[in-house]
Amino acid sequence: MPGTKSVVFVTRKLPDAVEERLRRDYAPRLNPDDRPYGAGELVEYSAGAAAILTCATDAWPASLIERLPDCVRAIATFSAGYEHIALAAAIARGITVTNTPDVLTEATADVTMLCLLGAARRAFEGQALVRTQKWRGWTPTQLLGIELHGAMLGIVGMGRIGHAVARRARAFGMHVHYHGRRRLPPELELGAVFHPTLQTLLPACRFLSLHCPATPATARMINTGTLALLPPGAVLINTARGVLLDDEAVLAALDSGRLFALGLDVYDGEPNLHPGYRTRRNCFLLPHLGSATLETRNAMGFRCLDNLDAVLAGGLAPDALN
Ligand code: DGY
């Protein structure tokens with residue numbers, strides 16, 4: 001029927017401005033209670049929908065994509081990461097998948113610096129001391145941490161977020177080295193030193209920050225073998241994806257002193273993180289806040305809608321992944 005708005009199934013509650021635009025342009029099927037849906041519900045609520053606006057908290061394996069109704073033409077994920085969507089299955093169904101690159105770069109790099117500082121300067125222990133009324137006043141040796149200035153930061157994955165972290169690290173006086181699939185053109189390296197392998201990068205890293213996607217090749221890249229290459233007393237930061245760490249190996253490295261501290265924003269199986277992280281005092285832990293500013297979350301939502309507008313108008317989505 002001319003003028004009828006397309007149905008868009010929105011799996012999680014989104015910021016007000018994004019839901020407003022959805023209501024203006026589409027017939028959205030919203031999730032006001034923000035209850036994470038199970039696989040059966042994801043398929044059920046896709047009935048009659050031209051598109052799905054999903055999040056990294058929803059898993060879309062091939063077995064689920066195969067069950068989607070034929071009317072679904074696009075899946076826009078409200079995330080830069082898209083490891084939760086089986087792209088090949090979507091291609092087979094003629095469904096365009098899009099993500100939200102660029103717009104969360106600066107917010108995520110900020111949280112990386114928060115984790116870096118929080119871990120290096122023992123922010124969790126300091127907070128606990130103050131909040132539990134155990135602080136007896138300043139002492140020359142209380143909660144001594146590690147200085148960022150002059151230290152070596154290794155960045156794994158020099159994409160948009162890795163690069164934004166390198167910019168910030170330089171402002172803190174850190175020396176940046178990096179490993180990625182390819183070397184950046186010198187004018188984009190910001191003086192950072194490229195390592196063709198992780199093995200040559202790790203031995204010099206007092207700080208190590210991960211910024212690569214979760215793929216079969218990167219899963220558990222930080223394990224007993226790679227941790228052994230770090231200098232004793234290193235600080236490990238992960239704001240990318242939890243699956244990059246072998247949790248047991250990381251906890252063992254904390255206990256042995258190979259790692260001085262951890263700064264984590266993401267976890268394998270989140271929100272059910274390995275319980276060992278909660279019990280170690282030298283873990284600075286955040287609940288996946290990387291992109292959590294109103295500005296960025298609005299921009300992510302609008303980016304999803306720009307993509308859906310393009311696909312549903314028969315055009316090419318700016319962020320099409322397949
Ligand atoms: C992303 O955009 O990938 C963030 O981690 C949120 O899922």
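Guide: Two strands are said to pair if DSSP finds at least two bridges between them. In this predicted model, seven strands form an open sheet with parallel pairing, in the order β8-β7-β6-β9-β10-β11-β12.

Visitor: What makes β8 and β12 stand at the edges?
Guide: β8 (193-195) and β12 (283-285) each have a single partner strand, so one side of each is left without a neighbour in the sheet. From one strand to the next, the twist averages 20 degrees.

Visitor: How do you know that strand β7 and β8 pair?
Guide: A pair needs at least two bridges, and β7 (residues 175-179) and β8 are joined in the parallel sense over three bridges, so by that definition they pair. His-179 stands opposite His-195 in β8.

Visitor: Which helix lies across β6 and β7?
Guide: That is helix α7 (residues 160-171), which runs at about 170 degrees to β6 (152-156).

Visitor: Why are α5 and α7 called oblique to each other?
Guide: The axes of helix α5 (residues 105-120) and α7 come within 9 Å and cross at roughly 55 degrees. Angles under 35 degrees count as roughly parallel and 65 to 115 as roughly perpendicular, whereas the rest, apart from those over 145, count as oblique; α5 and α7 are therefore oblique. The crossing in which α5 passes α7 is right-handed.

Visitor: Which residues make the contact, and how do they divide?
Guide: Among them are Thr-105, Ala-109 and Met-113 of α5, with Ile-161, Ala-164 and Arg-168 of α7. The residues of this contact divide into six nonpolar, three polar and five charged.

Conventions: Residues numbered from 1 in each chain as written. Predicted model: local features only at pLDDT ≥ 70, side-chain atom pairs only at ≥ 80, totals over all residues. Heavy atoms only, no water. Helix = DSSP H or I, 4+ residues; strand = E, 2+ residues; numbered from the N terminus. Axes fitted to C-alpha atoms, helices over the stretch in contact; angles between N-to-C directions. Contact = heavy atoms within 4.5 Å. Left-handed = near helix turned anticlockwise from the far one by under 90°. Nonpolar A, V, L, I, M, F, W, Y, C, P; charged D, E, K, R; others polar.
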